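Biologist: Hi! Could you walk me through this model when you have a minute?

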Amino acid sequence: MSVNPVHQTELESLLAISSGLNSTGGNDRLKNIMHQLLSDLCKTIKQFDVTDEEFWVAVNYLNELGGRQEAALLAAGLGLEHYLDMRADEKEAASGNDVGTPRTIEGPLYVANAPLSEGFARMDDGKEQAETMWLQGQVTDLQGNPVAGAIVDIWHANTLGGYSFFDQSQSEYNLRRRIRTGDDGHYAVRSIVPCGYGCPPDGPTQKLLTAIGRHGNRPAHVHFFVSAPGYKHLTTQINLNGDEYLWDDFAFATRAELIADPVKVTDNTVARERGIDGEHTEVNFSFALVGAADSNEEERGKRARVKE
């Protein structure tokens, strides 16, 4: 690809060269994307008369962001990850495709290869003094038929908002499990009621959010990957009703269809059947999967993840 330099302004020539439009090698799609990004950035610098000092503060911020490995966290906090979901929803609506349980963001804290159990698993290691949670539901197709052999991959934070692997004080795969559904499509886990979390207060993500007058808090939530042969992979999460940040999630992940109502269980008979000592919280949430058009739709999206 080449651009005729005749009649180009100095800026147009600079952008064409810097984005590779004048080069014969490289990826044409990437060249055009880079050209657009650089053009928009230059327009922003001019529109707001960005000073040299402000520019280099921004460059140094990117260094800090990468050094703290918070780029994915910032992408969620600026709504960019949510925008990908908006785009996917928009495409589905335009094509008239069937829609099951709504998607929402994955976030940056997934760890692959959690222990796999059949039908039921205990997720916590028992070391934390916390309220017991019994989480259960069913995986079905759009007609309500149970999906056997579905993998429900679950992860959530502890009572301090920390995730195992990233929080070195927790045991390996604490609060992370995969459950394979049986013929009835049901899954169940015993865990603890999670807490929401805030961005690291000394990190670059919170620094930027504070500078634009925003907080960095999330409501209590539970993440899921749900997959089964012949069905579209589902990335989603549920929020626990009653949390103060339910509709003020800095990561924009709350959706009305993904709010679960925690229920106090005081029946000792039920508790004993579940192997729980007394009162606990029950959360019910089921998933409806959409048939996949091809095998690619059965796989989760490609991105850098821990241990994957």
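Biologist: Great. What kind of model is this, and how are residues numbered?

Modeller: This is a predicted model, in which local features need pLDDT of at least 70 and side-chain atom pairs count only at pLDDT 80 or more, while totals for chains, interfaces and linings use all residues. Residues are numbered from 1 along each chain as its sequence is written, and side-chain values use heavy atoms, with hydrogens and water left out.

Biologist: How many helices and strands does the chain have?

Modeller: There are 7 helices and 12 strands. These are DSSP runs numbered from the N terminus, with helices being H or I of at least four residues and strands E of at least two.

Biologist: And what box do the C-alpha atoms fill?

Modeller: Roughly 80 × 45 × 30 Å, taken along the principal axes. The chain has 308 residues, and 41% of them count as buried. Buried means under 20% relative accessible area, exposed means over 50%, and partly exposed is in between, with a 1.4 Å probe and protein chains only. As for contacts between residues at least 6 apart in sequence, 70% join residues at least 24 apart; contact here means heavy atoms within 4.5 Å.

Biologist: On to pockets. What volume does the largest pocket have?

Modeller: About 960 Å³. On a 1 Å grid over the protein atoms alone, a pocket is an open set of points with protein on both sides within 12 Å along at least five of seven lines, a cavity is a set where a 1.4 Å probe fits but cannot get out, and lining residues have an atom within 4 Å of a point. Points are joined across faces, edges and corners, and a volume is the space filled by probe spheres set on the points.

Biologist: Which residues lie nearest the centre of that largest pocket?

Modeller: Asp85, Ala88, Arg103, His233 and Thr235, out of 33 lining residues. Helix H5 (80–95) and strand S8 (234–240) each supply at least two residues of the lining, and H5 gives the largest share, with 7 residues.

Biologist: How does the lining of the largest pocket divide by class?

Modeller: It has 10 nonpolar, 7 polar and 16 charged residues. In this scheme Ala, Val, Leu, Ile, Met, Phe, Trp, Tyr, Cys and Pro are nonpolar, Asp, Glu, Lys and Arg are charged, and the others, Gly among them, are polar.

Biologist: What about the second largest pocket?

Modeller: That one holds about 710 Å³ of space. It is lined by 25 residues, with Gln69, Leu73, Pro108, Leu109 and Phe166 closest to its centre. Its lining divides into 13 nonpolar, 6 polar and 6 charged residues.

Biologist: How many cavities of 30 Å³ or more are there?

Modeller: The count is 1. The largest cavity has about 40 Å³ of space, and its lining consists of Leu73, Ala76, Ile105, Gly107, Pro108, Tyr197, Arg218 and Ala251. By class that makes 6 nonpolar, 1 polar and 1 charged.

Biologist: Let's follow up on Ala76. Where is it, and is it buried or exposed?

Modeller: Ala76 is in helix H4 (residues 71–77). With a relative accessible area of 3%, Ala76 is buried. Beyond its neighbours within four places in sequence, Ala76 is in contact with Glu81, Ile105, Phe250, Ala251 and Phe252. The C-alpha atoms of Ala76 and Gly107 are separated by 6.8 Å, with the two residues 31 apart along the chain.

Biologist: You mentioned Phe252. What is its phi?

Modeller: Phe252 has a positive phi of about 60°, although it is not a glycine. Phe252 lies in the loop between S8 and strand S9 (259–260), and at 36% relative accessible area it is partly exposed. Asp49 also has a positive phi, about 50°, and is not a glycine. Asp49 sits in the loop between helix H2 (28–47) and H3 and counts as exposed at 62% relative accessibility.

Biologist: Switching to helix packing: at what angle do H3 and H6 pack?

Modeller: Helix H3 (residues 52–67) and helix H6 (residues 204–211) pack at about 135°, with their axes 9 Å apart. Axes are lines fitted to C-alpha atoms, for helices over the stretch in contact, and angles run from 0 to 180 degrees between N-to-C directions. H3 and H6 are therefore oblique to each other: under 35 degrees counts as roughly parallel, over 145 as roughly antiparallel, 65 to 115 as roughly perpendicular and the rest as oblique.

Biologist: Which residues meet there?

Modeller: Tyr61, Glu64 and Leu65 in H3 meet Pro204, Thr205, Lys207 and Leu208 in H6.
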